[in-house]
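Colleague: I would like to learn how to read aromatic rings in a protein model. Can we take a case together?

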Amino acid sequence: MTYQETCQYLFNQMPMFERQGSTGYKEGLTNTLLLDEHLGHPHQSYATIHIGGTNGKGSCSHTLAAVLQECGYKVGLYTSPHLVDFRERIRVNGKPVSERYVVDFVERERAFFEPLHPSFFEVTTAMAFQYFKDQQVDIAVIEVGLGGRLDCTNIITPILSIITNISYDHMQFLGDTLAKIAAEKAGIIKRGVHVVIGEANEETRPVFEAKAKEMDAPISFAEDYNEVITAECLPGGGMMYHTRNNGLLHGDLGGIYQVKNMNTTLSALYHLAVMGYLCLCDKKQNLEKCRYQTQHAVENVASLTGLMGRWQIIQQNPKVVCDTGHNVAGWQYLSQQLKLQQCRQMHIVFGMVNDKDLDGVLQLLPKNAIYYFTKADSKRAVDEHDLQQQAAQYGLQGECYPTVHEAYTQCIQHALRDDFVFVGGSSYVVGDFLKSLK
C-alpha cells in the first residue's frame, strides 16, 4: 500500500471515534494489552509523562516536549487528533513519523491486529509506542485520547502524571457530573507517581485527593502556588508571562486560555526539575541554564514541535486566526479573546460536531459578527443549515456553506483590510481550513 492508501485503511476500516462518534469508540484495554504484549511492551523502553484533562492537553504536551528537547533529550510526542496529516500524531523532536514507517508497521502487523477488530486509536497508540522504542527516545510525552481510566494510553507507568482541568465533555462516556468525569480522568494516577492537577474546584478536588491517597501518589495543585504571576497578550501574537522562577517568558502560543496551561506546565516542569530531569546537558542544577532552556522552548513551541491551531495567526490585513477550541469551557476563553479584537467588522467561519453542547457555545458567540456556517468533513459534523437555524435563536446571522473551504473563500472575499476573521468551533473545522490553505 502507499501512504495514502494506508491512511485510508486506518481511517475507514477501523472504528474511529473522531469520524463516527460513539460507534467508533471502543471501551476497555483488552485489545491494547494484547497489542502491547505482541510488540514486547515497547513503552517500557523509555520514560513517559502522561497528560490528561478536558482542555489544554495539547498545549501542555507540546510545551513540555519543547522544553525537554531544549534540555537535550530525544523526545517522543503522541497527541490527537491530527489537523492536516496523520503523521502529526507521532513525533520525535518535532519531526513527524515517516510515511514509510506508517506503511511498514501496518503491513507488518495487520495479520495480528485485524482479527482483534481494534479501533483506529488502539492501532495508532501501539504504532506510536513501537516507533518511540525504534527511535530510542529518552522520554515520551503521551496525551490521553479520551477520558483516562479506560483510555488505551493508560497502560504506561509514567514518571509524572498531569491532569489539566475538568469540564463537561464526552459526557456519554465519562459521566454527567464533574465529579464523575474527574473520576475517569483520575484513572491515570499511578501508584507512587506524582500527579500535578492544573485546575480543580470543590467538586473535582476531593476526587483527585481521594484517588491520589488510594494510589499513595504525591499530589500537587498548580493553582495553590501559581508559577505565573501575571500575563498579557502581545500585539503581534503570543503571550508574555511574568513568572516566579523563570523570569519573563514570551510564549508563542496565543490565546488567554494559555495562562492556565502555562501555569500547569511550569508546575510540572518544577517537579521534573526536582526529579533531576532538566538541565541534562551539563548534568548540574544550573538555574540560569534551566531558565534559558525554558525561555527558548516556550518562545518556540510551534516550530520545535509542529503544534498548530492554538490562536494561530494565519495572516494580517485582514487578520485571520484559527483555534481548535470546541466546547463550552474552551469558548468561555475564546469569547473573551474575541471581545479584545479591535476591528471594523468581525467575520466568523463556524462549525461544530454533534456531541458538543451547541447551545452552550452559541450563547457565548458575539452577536455583532457576520457568520459563515459550515461543516467539516466528518460524519459527526452538525449540518450547516441546522446550525444556522439554531444560531438564529441567539441572534447570530449568516449564510450557509457546505465545506469549510467554500465558507472561508466567501469570507475572505467579503473581509476588508481592517476586519478580523476567526475560523473554528471544532478541531475538524480548523483541520479542513489548514488543509485548504495547503
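Colleague: Is Y131 buried or exposed?

Modeller: Buried means under 20% relative accessible area, exposed over 50%, partly exposed in between (1.4 Å probe, protein chains only). Y131 has a relative accessible area of 7%, so Y131 is buried. Y101 is buried too, at 14%. This is a predicted model: local features need pLDDT of at least 70, side-chain atom pairs count only at pLDDT 80 or more, and totals for chains, interfaces and linings use all residues. Residues are numbered from 1 along each chain as its sequence is written, and side-chain values use heavy atoms, with hydrogens and water left out.

Colleague: How many aromatic pairs does a search of the whole structure find?

Modeller: Rings of Phe, Tyr and Trp (its six-membered ring) pair if their centres lie within 6.5 Å; planes under 30 degrees apart count as stacked, over 60 as edge-to-face and the rest as tilted. The search finds 16 pairs. Take Y78 and F129: their ring centres are 6.5 Å apart and their planes at 70°, so this pair is edge-to-face.

Colleague: Which parts of the chain does that pair link?

Modeller: Helices (H or I, at least four residues) and strands (E, at least two) are DSSP runs, numbered from the N terminus. Y78 lies in strand β2 (residues 75-78) and F129 in helix α6 (residues 120-134), 51 residues apart. Both Y78 and F129 are buried.

Colleague: What about the rings of Y101 and Y131?

Modeller: Their centres are 4.7 Å apart and their planes at 65°, so they are edge-to-face. Y101 is in helix α5 (residues 99-113), Y131 in helix α6. Y46, Y101, F105, Y131 and F132 form one aromatic cluster.
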